[in-house]
Amino acid sequence: MKSIRIGTRNSALALWQAREVARHLQNNNYLTEIVPIISSGDKNLTQPLYSLGITGVFTRDLDTALLNDEIDIAVHSLKDVPTQLPQNIEIIAYLERDFPQDVLIRKESARDKEFHELKLATSSLRRRAFWLKNFPNAEFSDIRGNIQTRLQKLEEGDFDATILSLAGIKRMKMDIDYEMLPFLIPAPSQGVIAVAGHSDKKEINEILQSINHKSTQICVEMERNFLSTLEGGCTAPIGAFAELFEDQIRFKGALCSLDGKNCIATDESFVYNEEENFGEKFAKVVLENGGKELMSEIKSQI
């Protein structure tokens with residue numbers, strides 16, 4: 001078989017992720033070729049993502065390349081992938097999740113400040129809402145770009161700290177101080193590299209099954225089902241995290257108002273079975289406990 005063309009965004013982190021998929025495939029004796037593609041999401045670094053008015057801002061160009069047969073597979077950070085995929089595109093494989101957490105990075109001048117005193121730079125609605133739930137008087141600035149860009153903006157900007165995904169820091173082997181934030185539920189499927197394929201390419205999709213990490217798949221599909229049931233196509237402050245211990249799963253999920261004052265959360269431990277859609281089930285509990293009204297409120301505010 002000819003080499004498998006791996007499509008990726010051309011940022012340092014995205015290329016690392018593509019190489020990781022290539023390594024898994026090469027370990028199974030398949031030839032690979034990495035094809036970098038500039039994403040629309042990387043071209044606009046001034047507007048916060050939610051104001052661009054589209055889902056899939058980081059995946060759209062790779063989707064197009066897949067559909068046009070310019071690449072065979074596309075590698076994504078799964079948290080960037082919309083729950084509704086374009087026709088003929090599907091997630092075929094998930095690599096083992098490494099670091100799902102959010103972490104706080106401070107500038108040196110803010111070392112001694114308490115959490116409630118920090119002026120934060122983040123464009124994430126989820127991070128802002130969960131932070132406001134705990135520190136209601138917090139001030140925010142928008143910040144976009146890759147990890148290196150954000151860290152540079154942190155040094156130069158008029159704010160004290162930013163929040164980043166620990167996965168990116170670890171994958172880039174960055175030697176920076178960070179603090180764990182246990183009160184922040186991660187974005188659904190944070191810390192997971194996913195491989196998308198064209199539904200017609202049966203042979204390649206079968207090959208991808210050989211690198212799929214099943215327990216990661218179970219957890220992230222649950223998180224994404226929770227997200228899609230709540231979301232209905234709207235960007236909202238939603239956190240979800242599932243962990244599998246043998247046949248037991250612990251699932252934490254939450255929907256927060258933009259100001260953090262109203263947060264509807266669920267924390268469940270249960271025995272997993274394939275038949276039940278647990279993500280949808282827990283999302284419906286949230287919707288029935290005020291989540292429906294809260295989602296309408298969020299939609300009217302964004």
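**Close-up views of a predicted model**

Figure 1. Lys281 counts as partly exposed, at 39% relative accessibility. Buried means under 20% relative accessible area, exposed means over 50%, and partly exposed lies in between (1.4 Å probe, protein chains only). This is a predicted model, where local features need pLDDT of at least 70 and side-chain atom pairs count only at pLDDT 80 or more, while totals for chains, interfaces and linings use all residues. Residues are numbered from 1 along each chain as its sequence is written, and side-chain values use heavy atoms, leaving out hydrogens and water. Which residue forms a salt bridge with Lys281? The partner is Glu276, and the closest N and O atoms are 3.3 Å apart. A salt bridge is a side-chain nitrogen of Lys or Arg within 4 Å of a carboxyl oxygen of Asp or Glu. Glu276 is partly exposed, with a relative accessible area of 34%.

Figure 2. Side chains of opposite charge can pair when their charged atoms come close. Helices (H or I, at least four residues) and strands (E, at least two) are DSSP runs, numbered from the N terminus. Glu280 is partly exposed, with a relative accessible area of 30%. Lys284 is partly exposed too, at 40%.

**Figure 3. A salt bridge joins Lys113 and Asp160.** The N to O distance is 3.2 Å. The pair links distant parts of the chain, 47 residues apart. Lys113 sits in the loop between strand 5 and strand 6. Asp160 sits in the loop between helix 5 (147-156) and strand 8 (161-165). Asp160 is buried, with a relative accessible area of 9%.

Figure 4. How many salt bridges does the count come to? The count is 18.

**Figure 5. Trp131 and two aromatic partners.** Rings of Phe, Tyr and Trp (its six-membered ring) pair if their centres lie within 6.5 Å; planes under 30 degrees apart count as stacked, over 60 as edge-to-face and the rest as tilted. The structure holds 12 aromatic pairs. One of them is Phe115 with Trp131, a tilted pair with 5.4 Å centre to centre and 40° between the planes. This pair links distant parts of the chain, 16 residues apart. Phe115 is in the loop between strand 5 (102-106) and strand 6 (119-121), and Trp131 is in helix 4 (residues 125-134). Phe115 is partly exposed, at 22% relative accessible area. Trp131 is buried, at 0% relative accessibility. Trp131 also pairs with Phe183: the ring centres are 5.6 Å apart and the planes are at 55°, so this pair is tilted. Phe183 lies in the loop between strand 9 (179-180) and strand 10 (193-198), so the pair ties together parts that are 52 residues apart in sequence. Phe183 is partly exposed, at 24% relative accessibility.

**Figure 6. Six aromatic residues form one cluster.** Which residues make up this aromatic cluster? They are Phe226, Phe251, Phe270, Tyr272, Phe278 and Phe282.

**Figure 7. Two lysines lie over ring faces.** Lys107 lies over the face of Phe159, at 6.0 Å from the ring centre. Lys170 lies over the face of Phe99, at 5.6 Å from the ring centre. A charge sits over a ring if NZ of Lys or CZ of Arg is within 6 Å of the ring centre and within 35 degrees of the ring normal.

**Figure 8. Pro86 and Ser199.** Pro86 is found in the loop between strand 3 (73-77) and strand 4 (89-94). Pro86 is partly exposed, with a relative accessible area of 29%. In sequence, Pro86 and Ser199 are 113 residues apart. In space, they are 11 Å apart, C-alpha to C-alpha.
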